[in-house]
Amino acid sequence: MPFKIKEARRERGYTQEELARRANVSRATIAGLESGATVVTTTETLIKIADALGKKVSDIFLA
């Protein structure tokens with residue numbers, strides 16, 4: 001599943017650390033999802049990241 005977190009994060013001008021703080025998840029989670037090293041996560045995490053980016057989950061997590 002191709003994630004578009006990095007693109008959305010850069011649009012906002014956030015670092016991985018800032019996005020992690022805003023979404024209340026670890027920076028390692030953000031890095032893993034961006035790099036593709038992490039391909040499975042919880043719905044709650046997906047929602048937190050999408051909300052922090054001002055996006056819908058489907059905008060950044062679905063093809």
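## Ser35 in helix H3

In this predicted model, Ser35 is exposed, because its relative accessible area of 56% is over the 50% cut-off. Ser35 belongs to helix H3, which covers residues 27-35.

A polar atom of the Ser35 side chain lies 3.3 Å from the backbone oxygen of Gly32. Ser35 can also be placed relative to Lys6: the two are 29 residues apart along the chain, and their C-alpha atoms are separated by 8.8 Å.

## Arg9 in helix H1

Arg9 is part of helix H1, residues 5-12. With a relative accessible area of 8%, Arg9 is buried, because this value is under 20%.

Beyond its neighbours within four places in sequence, Arg9 is in contact with Tyr14, Thr15, Gln16, Leu19, Glu34 and Leu53. Of these partners, Leu19 is in H2 and Leu53 is in H4, and both residues also take part in the contact between those two helices.

## Packing of H2 and H4

Helix H2 spans residues 16-23 and helix H4 spans residues 43-53. The crossing of the two helices is right-handed.

On the H2 side, the contact is formed by Leu19, Arg22 and Ala23; on the H4 side, Lys48, Ile49, Ala52 and Leu53 meet them. Sorted by class, the contact of H2 with H4 holds 5 nonpolar and 2 charged residues, with no polar ones.

How values were computed. Residues are numbered from 1 along each chain as its sequence is written. This is a predicted model: local features need pLDDT of at least 70, side-chain atom pairs count only at pLDDT 80 or more; totals for chains, interfaces and linings use all residues. Side-chain values use heavy atoms; hydrogens and water are left out. Axes are lines fitted to C-alpha atoms, for helices over the stretch in contact, and angles run from 0 to 180 degrees between N-to-C directions. Helices (H or I, at least four residues) and strands (E, at least two) are DSSP runs, numbered from the N terminus. A crossing is left-handed if the near helix is turned anticlockwise from the far one by less than a right angle, and right-handed if clockwise. Contact means heavy atoms within 4.5 Å. Ala, Val, Leu, Ile, Met, Phe, Trp, Tyr, Cys and Pro count as nonpolar, Asp, Glu, Lys and Arg as charged, and the others, Gly among them, as polar. Buried means under 20% relative accessible area, exposed over 50%, partly exposed in between (1.4 Å probe, protein chains only). A polar contact is a pair of N or O atoms within 3.5 Å; within protein, one must be able to donate a hydrogen and the other to accept it, and residues adjacent in sequence count only if both atoms are side-chain atoms.
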